[in-house]
2 protein chains.
Amino acid sequence: MTDAAILVIGNEILSGRTHDVNVPYLATQLAALGVPVAEVRIVRDEPAAIVAGLDALRHRYGYVFTSGGIGPTHDDITSAAVAAAFGVRLERNAEAVRRLAARHGAEALNPARLKMAEIPAGARLIDNPLSQAPGFRLGNVFVLAGVPSVLQAMFETLRDELRAGPPLLSRAVTLAVREGDIAERLAALQDAHPDSEIGSYPSFGAEGPRVAVVARGRDAAALDRIAAEIRALAAAAGADVIATD
Amino acid sequence: MTDAAILVIGNEILSGRTHDVNVPYLATQLAALGVPVAEVRIVRDEPAAIVAGLDALRHRYGYVFTSGGIGPTHDDITSAAVAAAFGVRLERNAEAVRRLAARHGAEALNPARLKMAEIPAGARLIDNPLSQAPGFRLGNVFVLAGVPSVLQAMFETLRDELRAGPPLLSRAVTLAVREGDIAERLAALQDAHPDSEIGSYPSFGAEGPRVAVVARGRDAAALDRIAAEIRALAAAAGADVIATD
């Protein structure tokens, strides 16, 4: 099974000013492709932080997806950091220059825009259907833009090359109950189904306490059986089923 | 300057099913207290992953805030993992038992609920004004709930004990321009203001390209000067100023 990690590069996320939406997008898409995301790190726009995060993740997980830091400005340092992590040079990529010239006009290719064509040696370009400035793949690392619409457009071009497995499926049953009233029954249910992962997520709203019990795995029939057992468990605990999905 | 890291514990975030809101909340609150968040990790509900993340972060940053995994169910393993990381025992905390009994009634304190009173030896309880089950502080690690309303209520009780500094401030000026047309001017601006951090965040909407230029630092007067220089830079580049905040 191939798993994945995500490395988000961005002071704007760490400051709280920008709410990341790339992690839930990538996590959802990769789960559907059968590639579970096992870890996420968010680091500052600093070469040492990016290199350390990348090296920790790329040796541990099947794929690493990075988000952010490949634009034309002084704070866009991801490409240089990836080159440093892999011990290769940045080099002017002729195809990337061609794409940028096609979009902006050759006369607009100032040094800042040409920085977006500086790609680590040995990397393969990732198409950017929205604004042309490419991402790239080097080894098991996929370097994507931080702008969500651009990241998503880039990811769409990658689907066919990812080693996919059976999709990661889930069944959720939401109950009107406090977690503490069903916790022992849920533990027994998890013990009875070691090949599925059963999670319990409480919330507290105006309607009273709720618990979403979520079963995850790759076997749809097994998950359907677990969902039925969750409903039976709820009935035994006197808890109403509020929703299933 | 004291900095901080956040460790989010939760398969539900990594699956993409739940969108984390605790990172932006904590990041915003800590920035206002003058404690910059320097790194975030999101790890699975697995003891080794939690211990590894905690040990990496607690030795490197001034504070670590964890989110998730302190409820009554089988997948709530954060307290045990924190105890393991610090090499201390989990022990039944009498005050935590008292709070849980006050909320649920002593007769409802089944083994699952009593698990929420198992606290690492030497830890100090963090109040939970919403649902009583406490968090705890051990060394520089603050263990908080994953439910956002509970995490926020817990954090409110901590403000006075955090070593705060001058708040981290920001000024944002949004321009109608492509990043590549102002990148060289922004680099010069950053060079002229090494004590502030100048970030550039593009977006592409129906109205055309936008760039939010954000200056961050602790000196309000310096940030105001930078904001004025960003507006001057925009005028020189022929770019309209869309918004300032």
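Aromatic pairs are my topic this morning: over all chains, this structure holds 10 of them. Please keep in mind that the model is a predicted one.

Let us begin with one pair in chain A. The ring centres of Tyr63(A) and Phe142(A) lie 5.5 Å apart and the planes meet at 75 degrees, so this pair is edge-to-face. For those new to the term, planes over 60 degrees apart count as edge-to-face. Where do these two residues lie in chain A? Tyr63(A) belongs to strand β3, residues 63-67, and Phe142(A) to strand β8, residues 141-144; the pair therefore ties together parts that are 79 residues apart in sequence. Are Tyr63(A) and Phe142(A) buried or exposed? Both Tyr63(A) and Phe142(A) are buried.

We turn now to chain B. Here Tyr63(B) and Phe142(B) form an edge-to-face aromatic pair, with 5.5 Å from centre to centre and 75 degrees between the planes. This pair links distant parts of the chain, with Tyr63(B) in strand β3 (residues 63-67) and Phe142(B) in strand β8 (residues 141-144), 79 residues apart. Tyr63(B) is buried, as is Phe142(B).

Let us return to chain A and consider the cluster. Which residues form one aromatic cluster there? They are Tyr25(A), Tyr63(A), Phe65(A), Phe142(A) and Phe155(A).

Finally, I would draw your attention to a charge placed over a ring. In chain A, the ring of Phe86(A) has the charged end of Arg58(A) over it, 4.0 Å from the ring centre. In chain B, the charged end of Arg58(B) sits over the ring of Phe86(B), 4.0 Å from its centre.

Notes:
Residues are numbered from 1 along each chain as its sequence is written. Chains are lettered from A and ligands numbered from 1 in the order in which they are written. This is a predicted model: local features need pLDDT of at least 70, side-chain atom pairs count only at pLDDT 80 or more; totals for chains, interfaces and linings use all residues. Side-chain values use heavy atoms; hydrogens and water are left out. Rings of Phe, Tyr and Trp (its six-membered ring) pair if their centres lie within 6.5 Å; planes under 30 degrees apart count as stacked, over 60 as edge-to-face and the rest as tilted. Helices (H or I, at least four residues) and strands (E, at least two) are DSSP runs, numbered from the N terminus. Buried means under 20% relative accessible area, exposed over 50%, partly exposed in between (1.4 Å probe, protein chains only). A charge sits over a ring if NZ of Lys or CZ of Arg is within 6 Å of the ring centre and within 35 degrees of the ring normal.
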